[in-house]
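Me: I have a model open and want to learn how to read it. Can you take me through the features one at a time?

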Amino acid sequence: MKIILYYIATAATAITLFSSCGCSKLPIDSPVAFSSPNRPADTVVFAVIGDYGTDSKAEADVAAMVKSWQPEFVITTGDNNYPVGSSGSIVKNIGKHYCDFIYNPDAPSDRQCKGPAAEEKINRFFPCPGNHDNYSVPALRPYTDYFTLPGDERNYDFIWGTIHFFSLNTGVSGKLDERTIQWLQQKLKSGTARFKIVYFHHPPYSSGGHGSNEAMQLPFGEWGADAVLCGHDHFYERILDKNSPKPVYFIIGNSGNENLYSCNSKPLDTTRFTYNCDDKNYGAVKVKAGKNSCTFEYYTTANPSAPADVWVIVK
Ligand SMILES: [Fe+2]
């Protein structure tokens, strides 16, 4: 399979690679896959937000911008409900801003969303947990009580349009258990969707204060992932590994927490990585995916009329 990736915001580069697929099937039970109903395979538009759940002005501003895009659904890169993932703060941190997209019939009645997604009975909000969501006791109970998600609601996959998504729980400390890693590897290698996107909270590589998470430096590209989306460091960053042009890594952690982090607190090795970082703005990413291309556009609330960064994957 020939894959060409190019970056069109500031420069045009072309990288060609050939992927090989051993595709050994592992005897692992997987969470239940979820497919969207009757979705045309032409173009899907979805939004990515992260580190947002603080009920701040920044969260409200980003949510308004995201809604203006009229995305089909929203995914998150974690830290949905600061500070400790409690049931008492989950409505104001999440539902107040994003109920339009959430269908959560399994939630306690006082926490159920009543917006358009509930009316059509289609969930359009697919989070992954962050460390702050995992601080609840028991871990993630308010989160799994609130959301109605595929599989075990912690590690799950779903297909929407041309994309196969994998949402993972990296817990408090930024790692996966062995069973989840094997499940992910098997599903990525055997999946036949045009694009595969993996998302979780703790980034494999980051120039921010939290830095890179070695435990998450898995061979996502060899397994078939086109993009890895994370949060945790409160800024926007897009990273390419010169040794492995697939996947592209994004950190989208500036969608509401008003404590932005500095880029380059822990600079990445520029002999191996190229990266763009924005630590001055709040924002989110709009993704447009069709049959042959997947375009990531990063917008800030300071200038919502034009993307501040664009990355396109063409197959
Ligand atoms: Fe975090």
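Reply: Start with burial. A residue is buried if 20 or more other C-beta atoms lie within 10 Å of its own, exposed if 12 or fewer, and partly exposed in between, with C-beta atoms placed from the backbone. Here 48% of the 315 residues of the protein count as buried. This is a predicted model, where local features need pLDDT of at least 70, side-chain atom pairs count only at pLDDT 80 or more, and totals for chains, interfaces and linings use all residues. Residues are numbered from 1 along each chain as its sequence is written.

Me: What pLDDT does the protein average?

Reply: pLDDT is the predictor's confidence in each residue, from 0 to 100. The protein averages 89, and 87% of the residues score at least 70. Over residues 1-41, the pLDDT is below 50. That stretch still has 64 contacts in the model beyond near neighbours in sequence. Where pLDDT is low, the predicted coordinates should not be read in detail.

Me: How many helices and strands does the protein have?

Reply: Helices (H or I, at least four residues) and strands (E, at least two) are DSSP runs, numbered from the N terminus. The protein has 7 helices and 16 strands.

Me: What share of the contacts joins residues 24 or more positions apart?

Reply: Two residues are in contact if their C-beta atoms, placed from the backbone, lie within 7 Å. Among contacts with a separation of 6 or more, residues 24 or more positions apart account for 69%.

Me: Which residues touch the most other members of the largest nonpolar core?

Reply: A nonpolar core is a set of buried Ala, Val, Leu, Ile, Met, Phe, Trp, Tyr and Cys residues joined through C-beta atoms within 7 Å. The largest one has 78 residues, and Val 74 and Ala 284 touch the most other members. Leaving out residues up to four places away in sequence, Val 74 touches Phe 46, Ala 47, Ile 49, Val 66, Tyr 98, Phe 101, Arg 124 and Phe 125.

Me: Now a helix. Which residues of H1 are buried?

Reply: An α-helix has 3.6 residues a turn, so residues three or four places apart point the same way. In H1, the buried residues are Ala 58, Glu 59, Val 62, Ala 63, Met 65 and Val 66. They cover an arc of only 160° around the axis, so they sit on the same side of H1. The arc is that of the directions from the helix axis to the C-beta atoms. Exposed Lys 57, Ala 64 and Ser 68 are on the face turned away from the buried side of H1.

Me: What do the buried residues of H1 pack against?

Reply: They pack against strands S4 (44-49), S5 (73-76), S14 (283-289) and S15 (293-300), and against helix H2 (90-98).

Me: Let us turn to strands. How many bridges join S14 to S15?

Reply: Two strands pair if DSSP finds at least two bridges between them. S14 and S15 run antiparallel and are joined by 7 bridges. They form a hairpin with 3 residues between them. Lys 288 has Thr 295 in S15 as its bridge partner. S4 and S14 also run antiparallel, with 5 bridges. There, Val 48 has Val 285 in S14 as its bridge partner. Of the 7 residues of S14, 6 are buried, so S14 is largely enclosed by the rest of the structure.

Me: Which peptide bond into Pro 83 is cis?

Reply: The bond from Tyr 82 to Pro 83 is cis, with omega near -5°. Pro 83 lies in the loop between S5 and H2. The bond from Lys 246 to Pro 247 is also cis, with omega near 10°. Pro 247 lies in strand S12 (residues 244-252).
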